[in-house]
Amino acid sequence: MAMSSQQAAQMAIQNAQAKAQQAAHHAAQQALDAQQAAQHQAAAQAAAHAAHAYVQQQQAQQQAAADQAAAQQAAHQAAVAAAAAAAQTAAQHSTAAVPPPPAPSGLSAADYQAALDAQAALDAHTAASLAELQAQAQAHAQAAAAAQAQAQVQAAAKFAQDQAMAVAEAQQRAAAQAQAIAQAEQARMQQQQQQQQREQAIEAAKRRREDQVKKAAQERDAEEKLRCHLHKKPNKVCKFCKRHQEHVASRDQLKAQEGKDTDTKKGSHNSGPRGALEIVNSKTYGFSPLLQTHVVESAHFKALLSLESFEQMIEEMQQFANSIEPYMANSNTTPSALFACLYRLFTMGIDSRQLRKLMDYLDNAYIRCVGFLFVRFGLPPDQLWNWLGEYVLDDEELRPAKDSEWRTTIGEFVEGLLSQDKYYSTVLPRLPMSTKRQLEAKLAPIPQSRKRAKCNLAFLEVYREHGVKVEVNIDGEWFPGTTLELVEDVPSRLKVTVRLDSDDSEKTVNLGRIIMSDSRYRNTVGRMPRGRSRSRSRDGVDWAREKGKSDKDLVEEMRKMDREKAVCASGKEYAKKPVGYKAACALPREQGAASHRLMEEETFVPMKQVRRRSPSPVRQEQDFRKAPSAEHQARMQQLFEKYGMQKSGAGGASGSGGAANIEQTDVLRFG
């Protein structure tokens with residue numbers, strides 16, 4: 001009853017949250033619609049103002065042109081009228097009743113009258129010219145006034161147009177700002193929804209774990225009730241023991257069936273986990289406190305806070321991620337760009353689809369490493385193999401840094417994340433012992449499968465054919481079957497689709513988990529693809545046709561090696577004494593040739609250990625088996641004769657020689 005009420009309360013809370021989210025989304029949509037309507041109205045008003053200003057400008061230009069034409073016509077008419085008036089005035093003066101002055105002496109009256117007429121005509125012409133000049137000056141003044149008025153009208157129109165453009169630009173800026181605010185609000189709401197989804201997923205996972213714990217406790221109680229109270233060990237004759245054994249067998253069978261159903265639902269990696277990701281530690285994201293402090297306080301991470309989308313983070317990693325190390329070269333405090341982007345992805349919150357896109361990115365291997373590190377640092381330990389198991393046989397080339405000469409593969413990188421406890425100098429999140437043993441059982445056959453995949457690259461043409469008899473390794477067991485097709489979607493992880501002979505089911509397996517058993521290709525020599533080097537196996541095994549050791553034997557060998565590392569190598573096999581932190585830093589680490597080369601590249605110090613030359617046999621004999629001096633030998637001889645030899649009397653000396661040889665009690669004499 002309590003459980004039902006709790007579930008009802010949780011469902012009510014979830015419904016309320018969903019309704020609140022819908023209401024917020026509806027309000028945001030209404031605000032956006034209102035904002036768009038206001039923008040359209042403002043744009044229409046600005047267009048109307050611009051059109052009105054343009055019409056006023058055209059009207060002012062037409063009025064100025066009409067005024068200029070009227071002024072020119074008035075000036076012309078005034079000039080004509082002035083000329084006519086001047087001519088009339090001259091004619092009046094010429095015909096006036098004023099008698100002309102008398103003719104000078106020596107000049108006839110006709111010549112004097114002709115001179116007077118010529119003078120009158122000249123005066124009339126001069127008056128007409130002056131009137132015409134005055135009219136032209138007046139016309140020019142009116143034209144200048146009209147031009148000034150037109151310039152003022154044009155300036156006013158330009159000012160109105162500039163004002164309209166400024167208003168339009170201001171409206172555009174306001175619209176862009178409002179759109180940015182709306183987008184930011186929408187992004188914030190999406191982040192809140194994603195955060196709520198993550199919290200719900202975490203809560204659901206927590207409830208599932210609690211239910212599993214309760215179910216396991218109930219099963220233990222039921223098993224204890226059925227356990228026989230008479231026998232500690234199962235008795236074949238006892239009916240209570242038989243009932244308990246049947247219960248245990250049915251329980252194990254049910255668990256095995258549930259595991260198979262779970263594996264079937266998971267399918268291939270393309271249909272991997274979807275939806276919100278369950279982060280184990282949402283405060284540190286699996287980072288050590290020191291590394292987290294360095295990342296949060298770095299300038300690169302602070303710059304990354306301005307990036308809000310997943311695509312922007314992809315571009316950032318594509319541009320700046322050039323190393324897989326936690327820190328920059330020659331620095332113990334400045335985190336690398338890869339780890340800064342990794343922490344930003346944690347704070348941003350990505351889903352399973354985006355995480356799968358990171359791990360399957362084709363153009364940059366460092367972006368794929370970001371995805372693998374995200375899984376190792378953030379996800380629960382029981383989900384590591386579901387996410388990373390597909391990539392342990394990936395043969396894409398990887399360099400620790402772009403300028404590094406040492407090379408590895410994506411598969412070896414992922415295998416190191418699953419098998420090691422430290423990543424360079426950073427401690428990885430601890431794995432439970434049960435999960436660690438399961439990963440050991442899955443990782444033990446990987447080196448052998450990697451060799452087989454490398455050999456099978458020479459027989460790609462064979463695997464492309466239909467109906468080739470092969471054997472595939474599924475969960476450590478080999479099953480016969482026939483090939484259907486070669487899956488080449490991902491060049492670094494080639495797969496073969498096989499139809500099993502046992503149940504006619506189709507399985508898609510990696511190239512490292514398949515061998516050829518067809519007699520037609522028994523003596524076929526393969527051909528390596530272009531760009532790949534072919535090298536014979538050092539152990540002389542044809543991995544394309546040989547099964548090699550079983551998974552069980554490989555797991556036992558791995559665990560045996562781990563046990564041998566935990567004890568002394570010679571003498572009595574006592575457990576190694578635990579050392580302190582400083583002493584452990586001074587001890588030489590057990591590393592392979594590749595790790596030594598990597599350390600040499602990082603520190604520029606040769607990692608080869610200098611062996612001391614063994615001493616010569618003569619010196620050894622002089623040091624350890626030195627003969628005593630003559631004085632020491634004489635003193636020891638005296639002591640031996642005094643205390644060690646038995647002195648017999650005179651009678652004994654003259655007696656039979658057989659009595660001297662009889663063993664008698666030793667006597668110790670003093671003095």
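Me: Helix H8 first, residues 352–359: is it mostly covered or mostly exposed?
Reply: Helix H8 is mostly covered, since six of its eight residues are buried, where buried means under 20% relative accessible area, exposed means over 50%, and partly exposed is in between, with a 1.4 Å probe and protein chains only. Helices (H or I, at least four residues) and strands (E, at least two) are DSSP runs numbered from the N terminus. This is a predicted model, in which local features need pLDDT of at least 70 and side-chain atom pairs count only at pLDDT 80 or more, whereas totals for chains, interfaces and linings use all residues. Residues are numbered from 1 along each chain as its sequence is written, and side-chain values use heavy atoms, with hydrogens and water left out.

Me: Which residues of H8 are the buried ones?
Reply: They are Ser352, Gln354, Leu355, Arg356, Leu358 and Met359.

Me: And what do the buried residues of H8 pack against?
Reply: They pack against four helices, namely H6 (310–320), H7 (337–348), H9 (365–378) and H10 (384–388); a contact here means heavy atoms within 4.5 Å.

Me: What does leucine 355 touch, leaving out residues up to four places away in sequence?
Reply: Leucine 355 touches Leu277, Ile350, Gly371, Phe374, Val375, Leu379 and Trp387. Leu355 also belongs to the largest nonpolar core, which has 60 residues, and is listed with Phe287 and Phe413 as having the most contacts inside that core. A nonpolar core is a set of buried Ala, Val, Leu, Ile, Met, Phe, Trp, Tyr and Cys residues joined through side-chain atoms within 4.5 Å.

Me: Which helix gives the most to this core?
Reply: Helix H9 does, with ten residues. There is also a second, separate core of 20 residues, which includes Val496, Val498, Tyr521 and Ala544.

Me: Switching topic: at what angle do H4 and H7 pack?
Reply: Helix H4 (residues 289–296) and H7 pack at an angle of about 90°, with their axes 10 Å apart. The axes are lines fitted to C-alpha atoms, for helices over the stretch in contact, and the angles run from 0 to 180 degrees between N-to-C directions. H4 and H7 are therefore roughly perpendicular to each other (65 to 115 degrees counts as roughly perpendicular, under 35 as roughly parallel, over 145 as roughly antiparallel and the rest as oblique).

Me: Which residues in H4 meet which in H7?
Reply: From H4, Leu291, Gln292, Val295 and Val296 meet Phe339, Ala340 and Tyr343 in H7. By class, this contact has six nonpolar, one polar and no charged residues, with Ala, Val, Leu, Ile, Met, Phe, Trp, Tyr, Cys and Pro counted as nonpolar, Asp, Glu, Lys and Arg as charged, and the others, Gly among them, as polar.

Me: What is the phi of tyrosine 285?
Reply: Tyrosine 285 has a positive phi of about 55° although it is not a glycine. For background, most residues other than glycine have a negative phi. Tyrosine 285 lies in the loop between helix H3 (239–266) and H4, and it is buried, at 12% relative accessible area.

Me: And asparagine 330, buried or exposed?
Reply: Asparagine 330 is exposed, with a relative accessible area of 74%. It is found in the loop between H6 and H7 and has a positive phi of about 60°, although it is not a glycine either.

Me: Where is lysine 454?
Reply: Lysine 454 is in helix H13 (residues 446–456) and counts as partly exposed at 43% relative accessibility.

Me: Last one: how many helices and strands does the protein chain come to?
Reply: The protein chain comes to 21 helices and nine strands, and of its 671 residues 27% count as buried.
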